[in-house]
Amino acid sequence: MGRKNALRIDIVTIFPEYFGSPLGVSLIGKAAVRGDIEFGVHDLRRWATDVHHTVDDLPFGGGPGMVMKPDVWGDALDEIVPADGGSARLVVPTPSGVPFTQDIAAGYAAEPRLVFACGRYEGIDGRVAEAMRDRMLVDEVSVGDYVLAGGEAAALVMIEAVGRLLPGVLGNASSVGDDSFGGDGDPDGAMRGLLEGPVYTRPRTWREREVPEGEAAKDFGVRALEVSLQALHASGSEAEGRLVEDHPLDALRALVDEVGADEVIVLTDPHYVEEFFHRDWASRARHKVGVPVLKLFSHSEA
Ligand code: JAH
């Protein structure tokens with residue numbers, strides 16, 4: 001057993017080797033090593049009863065391809081999931097399922113246990129999902145309107161979307177998933193950056209292409225200020241804000257003099273302002289504004 005609050009994910013498939021690399025690398029791989037996620041990958045053929053380990057059969061009513069046998073799937077799920085469902089949720093990837101969304105991912109991240117049933121061929125006999133509904137929640141889910149060769153790739157898509165929402169997995173102990181603070185589930189929140197604009201990093205000029213400046217940069221500043229003030233007001237602060245277009249250190253010194261500030265707190269994304277000043281912005285500000293400057297990174301947990 002892993003840590004408390006760990007998410008247990010069981011995957012049933014005829015290709016268990018398919019999952020080795022994807023679940024072993026990056027955020028999810030590390031989360032698994034820490035015990036924040038626990039994986040069980042099961043070879044469906046273990047529950048086949050004939051010498052050929054057959055898992056498929058001809059479809060009733062004819063038509064192309066083969067259908068996965070209900071008896072094999074039933075025995076597998078009976079063994080993997082306790083008879084009372086054990087708080088597990090069964091997820092069956094299928095092109096005819098309900099569309100998988102960020103909200104569904106957030107719901108899954110809050111579950112103690114997910115079981116992915118990965119079909120192949122023309123899919124799993126329809127009575128399997130129906131029978132399992134007697135003991136647990138069963139979701140038939142689609143990750144997009146196209147037909148794959150099986151449910152494995154779709155399961156990986158969902159596991160990745162769920163995995164990065166788990167506490168401690170992304171390195172964001174609190175913010176992701178907190179809708180009022182612009183988590184991924186909030187279309188006006190952090191996901192806006194991913195769904196809407198392009199992003200840029202150094203160098204400022206690359207292959208004669210400039211990072212957008214002027215009006216485009218100002219629009220970004222206006223939005224960033226809006227979001228920050230909203231969050232501060234929501235937490236009871238009467239903070240005011242203003243957008244600065246001239247040199248930020250001069251503007252900061254003028255503001256410190258104007259309001260008689262005792263201290264300046266710089267809250268910044270790592271490297272966001274440094275890039276412009278070529279060295280630590282807060283330590284330069286300290287010399288220039290004459291009051292203590294406390295610098296916080298937006299990814300800090302304290
Ligand atoms: C194909 C079982 N929504 C993408 C998706 C998910 C599952 C499948 N195809 C597409 C699939 C064959 C057998 C599942």
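User: How many aromatic pairs does the count come to by this rule?

Analyst: The count comes to 2 aromatic pairs. The rule pairs rings of Phe, Tyr and Trp (its six-membered ring) if their centres lie within 6.5 Å; planes under 30 degrees apart count as stacked, over 60 as edge-to-face and the rest as tilted. One of these pairs is Phe 100 with Tyr 108, a tilted arrangement with 6.3 Å centre to centre and 35° between the planes. Please note that this is a predicted model, in which local features need pLDDT of at least 70 and side-chain atom pairs count only at pLDDT 80 or more, while totals for chains, interfaces and linings use all residues. Residues are numbered from 1 along each chain as its sequence is written, and side-chain values use heavy atoms, with hydrogens and water left out.

User: Is Phe 100 buried or exposed? And Tyr 108, buried or exposed?

Analyst: Phe 100 is buried at 17% relative accessible area, and Tyr 108 is buried at 1%. Buried means under 20% relative accessible area, exposed over 50%, and partly exposed in between (1.4 Å probe, protein chains only).

User: What does Tyr 108 have to do with Arg 89?

Analyst: Tyr 108 is one of the residues that Arg 89 touches, not counting residues up to four places away in sequence; the others include Glu 111, Arg 113, Met 136 and Asp 139. Contact here means heavy atoms within 4.5 Å. Arg 89 is found in strand E5 (residues 88-99) and counts as buried, at 19% relative accessibility. Helices (H or I, at least four residues) and strands (E, at least two) are DSSP runs, numbered from the N terminus.

User: Which side chain does Arg 89 make a polar contact with?

Analyst: The partner is the side chain of Glu 111, at 2.7 Å. A polar contact is a pair of N or O atoms within 3.5 Å; within protein, one must be able to donate a hydrogen and the other to accept it, and residues adjacent in sequence count only if both atoms are side-chain atoms.

User: Changing topic: how many salt bridges are there in the whole structure?

Analyst: The search finds 15 salt bridges, each being a side-chain nitrogen of Lys or Arg within 4 Å of a carboxyl oxygen of Asp or Glu. One of them joins the side chains of Arg 8 and Glu 38, at 3.0 Å from N to O. Arg 8 lies in strand E1 (residues 7-13) and Glu 38 in strand E2 (residues 37-43), so this pair ties together parts that are 30 residues apart in sequence. Arg 8 is partly exposed at 25% relative accessibility, whereas Glu 38 is buried at 18%.

User: Which residue forms a salt bridge with Arg 46?

Analyst: Glu 79 does, with the closest N and O atoms 2.8 Å apart. Glu 79 belongs to helix H3 (residues 70-80) and Arg 46 to the loop between E2 and strand E3 (56-57), so parts 33 residues apart in sequence are tied together. Both ends are exposed: Glu 79 has a relative accessible area of 51%, and Arg 46 has a relative accessibility of 54%.

User: What about Arg 242, which residue is its salt-bridge partner?

Analyst: Arg 242 pairs with Glu 258, the closest N and O atoms being 3.5 Å apart. Elsewhere, salt bridges that share partners join Arg 8, Asp 10, Glu 38 and Arg 113 into one network.

User: Now the ligand. Which residues come nearest to it?

Analyst: Of the 16 residues around the ligand, Ser 142, Val 143, Gly 144, Tyr 146 and Leu 148 come nearest; a residue is included if one of its heavy atoms lies within 4 Å. A polar side-chain atom of Ser 142 is 3.0 Å from a nitrogen atom of the ligand. A polar backbone atom of Gly 144 also lies 3.0 Å from a ligand nitrogen, and a backbone N or O atom of Leu 148 lies 3.1 Å from a ligand nitrogen.

User: How much of the ligand's accessible area does the protein cover?

Analyst: The protein covers 96% of the 360 Å² that the ligand has on its own. Accessible areas come from the Shrake-Rupley method with a 1.4 Å probe; for residues, only the protein chains shown count as cover.

User: Finally, how many helices and strands does the chain have?

Analyst: The chain comes to 11 helices and 11 strands. Of its 302 residues, 37% count as buried.
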